[in-house]
Amino acid sequence: MTEVIRLKGRRQKTRGPFFDKRELGQLLSLYSSRVIKGEWRDYAIDHRDDGAVFSIFRHTHEHPLFAIAKRQQRGQAKPNFILYEGPRKVASSASLMELMSRFERLPRLVSG
């Protein structure tokens, strides 16, 4: 007839790192400043087995312009933050603030 399936035993025990409250505040502060300037319009946060990704879009139906990934390998004390511009890896750092400072050096949208 019916079979009871215990979900507790089927759930994955290990989960990748998530963005904490401070990191989300930093990411959303950068994001909101660029939205005000009209450069960015949308974002997404994805959680995967190996980490979390904050993706930034110019238009909702496009591929992300940039993505900031937080990855932590097993046995690694601190997570590593990686900045992607499209599919290309631009920078990597142990500090989110250091990685976010790279946005000041990247090309920007100029409106006339």
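I looked up Asp50 in this predicted model and found Asp50 partly exposed, with a relative accessible area of 38%. Its salt-bridge partner is Arg71, with the closest N and O atoms 3.6 Å apart. I noted that this pair links distant parts of the chain: Arg71 belongs to strand S3, while Asp50 sits in the loop between strand S1 (42-48) and strand S2 (51-57), 21 residues apart. Arg71 has a relative accessible area of 14% and is classed as buried because the limit is under 20%.

I next followed S3 (residues 66-71) to its neighbour. S3 runs antiparallel to strand S4 (residues 80-85), and 6 bridges join the two. Within this pairing, I recorded Tyr84 of S4 as the bridge partner of Ala67.

I then turned to the other pairing of S4. S4 and strand S5 (residues 88-93) pair in the antiparallel sense over 5 bridges, and here Tyr84 stands opposite Lys89 of S5. The hairpin of S4 and S5 has 2 residues between the strands, and Gly86 takes a positive phi near 65° there.

Glu85 forms a salt bridge with Arg88, the closest N and O atoms being 2.8 Å apart. Glu85 is partly exposed, at 25% relative accessible area.

Finally, I reviewed the remaining salt bridges. The count comes to 6. One of them joins Asp20 and Arg22 at 4.0 Å, N to O; Asp20 is partly exposed at 32%, whereas Arg22 is exposed at 53%.

Methods:
Residues are numbered from 1 along each chain as its sequence is written. This is a predicted model: local features need pLDDT of at least 70, side-chain atom pairs count only at pLDDT 80 or more; totals for chains, interfaces and linings use all residues. Side-chain values use heavy atoms; hydrogens and water are left out. Two strands pair if DSSP finds at least two bridges between them. Helices (H or I, at least four residues) and strands (E, at least two) are DSSP runs, numbered from the N terminus. A salt bridge is a side-chain nitrogen of Lys or Arg within 4 Å of a carboxyl oxygen of Asp or Glu. Buried means under 20% relative accessible area, exposed over 50%, partly exposed in between (1.4 Å probe, protein chains only).
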